[in-house]
Amino acid sequence: MLTEQEQQAIAEELRHYPQPRAAVSEALKIVQRHRGWVSDESVRDIAAALSLTPDEVDSIATCYSMIFRRPVGRHVILLCDSVSCWIMGANPLQAQVGALLGIGPGETTADGRFTLLPCACLGACDRAPAMMIDDDLHVDLVPEKLGELLERYA
Amino acid sequence: MERPLTQHIRPDREPLTLREYEQVGGYQAARRALQAAPREVTEQVLKSNLRGRGGGGFLTGQKWSLVPPDDHNGPKYLVINADEMEPGTMKDRWLLEGQPHQLLEGVLLSAYAIQARVAYIFLRWDYKLAARRLQQALAEAYGQRLLGANILGTPFCLDVHVHTSAGRYMCGEETGLLNALEGRRPTPRSRPPFAVTCGLWGRPTAINNVETLCCVPHIVQRGGEWFRALSRSPDDGGTKIYGASGRLRKPGLWELPLGTTAREILMEHAGGLADGYRFRGLLPGGASTDFLVEQHLDVKLDFASVEKAGSRLGTGTMVVLDDRTCPVGLVLNLMQFFARESCGWCTPCREGLPWLARTLQALEDGLGTPADLDVLEAHVRAIRPGHTFCALAPGAMEPLGSALKYFRPDFERHVADRRCPWRAG
């Protein structure tokens, strides 16, 4: 069941479009913001709310890299692996995440604190290498200082 | 040197409030234009020779002229492509975060020019700060009747919505973007019909890049001819936001006259290569442009000159290859990106790009054979415009084909030495 809060937020988005289908990616993000990820049940609920089939909703959910169809940790690390960050040392950074947290791309720490996901260019190429943790952008990263940064996310 | 787009952006990018923006002349162009005929905005933009800054380089005024003026059977739309996802590109972020009202005034003027009643700003998922600042600016603009119903007391009405994406490179391709906005998978649409006559929900739609629209208030305010003269190139008008990333002393973004040379950007503005690194080549406008090398450094970075040099201006934000970075590894990184972002709609892209990524990976791992270079060459010849549904896969061939041309000995060394010469051990 969608909560009242989620339903209201989706209704607000629907006002921006002439057809309910257009609000599907926003609806997915609304549910994800409240629950951390999008379950099969949520896919069915969104479908019902927008007069779509669950398959139609899932076809959208699965094409976007930032819609999570599996549970993620409390904090999601998005490590840019595109060209400028690659030149400036994205690989050593990823190795350092592995050394500190014991996880590789796509994995979540056993305590459910962090999920590591590689992601496409974050648009911070002049301050590479860059990553996002949740909604925060971090730039000019060096592996030695990564531990300090991760400490901020309990 | 005039820098109309960025002169009022603060170094920390804290955006101007509506009041501050108006104090430096903001919304004056809109106030004047809305008293005149919509066609006059387009006329000035035509005179300015403004070309699309998203990478296509199409003349903006010409695009607007293709939107049918007498079609009143339903709404017309303006879509702002703010889905900046081309690897190596960070220019629109600067404009979105630093001066959101400049974009909104550009949206207002452009929507007025084509008589669109609704505009959608299609924003990258991860530009969270830009999203907040745009919403803030929208609220201010609605509050002062610069948007909404009967703008500034005229009959013109415009609603502007921010649509944030959820992460897919294909959304930057304009027909993929239209599908995404309608709530469909961002696969490309066949053309014709073109978006200007049959776009969003089948209605006439102009799709313009953020930087393009940020030029419009200045063109309307100071005239198309003034804007055109800002450029160093005869065919293009205005300034351009150039950028540079890689092993440089001062990577960054600069607003410069269109037609500034690659050398000037690289050596003067970016301060040259970082200590201990030497220049080998650059991708002038993001991941999907051909390499330029030493011999091209004095090429003017305008649309026609870069094309003559065998590449594309693209987004105008260059990625620099240095001598301590493996060119094969770099092209592999790009190919993995393109393969991952392929929507799978057409076969050459869906099947060809992963094959190329695997072949390049084999070279990097010391498992390559001389025949692998032929496989790479064959794909560059086969995957070209007309053989694929959209520009993604041909774009992916541009850095690969040019790397094979300029860095071929490096590819051959991977085969002969059975390892990547840049990898330790």
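A polar contact is a pair of N or O atoms within 3.5 Å, where, within protein, one atom must be able to donate a hydrogen and the other to accept it, and residues adjacent in sequence count only if both atoms are side-chain atoms. The model is predicted, and local features need pLDDT of at least 70, side-chain atom pairs count only at pLDDT 80 or more, and totals for chains, interfaces and linings use all residues. Residues are numbered from 1 along each chain as its sequence is written, chains are lettered from A, and side-chain values use heavy atoms, with hydrogens and water left out.

**View 1. Polar pairing between chain A and chain B.** Across this interface the rule finds 19 residue pairs in polar contact, both residues at pLDDT 80 or more. The rule also finds 2 salt bridges there, a salt bridge being a side-chain nitrogen of Lys or Arg within 4 Å of a carboxyl oxygen of Asp or Glu. In a salt bridge between B:Lys128 and A:Asp135, the closest N and O atoms are 3.4 Å apart.

**View 2. Area buried between chain A and chain B.** The two chains bury about 3,600 Å² between them, 55% of it on carbon and sulfur atoms, where buried area is the accessible area (1.4 Å probe) that two parts lose on being put together, summed over both. In chain A, the residues that lose the most area to chain B are A:Tyr64, A:Ile87 and A:Asp126, together 17% of what that side buries. The contact (heavy atoms within 4.5 Å) takes 39 residues from chain A and 51 residues from chain B.
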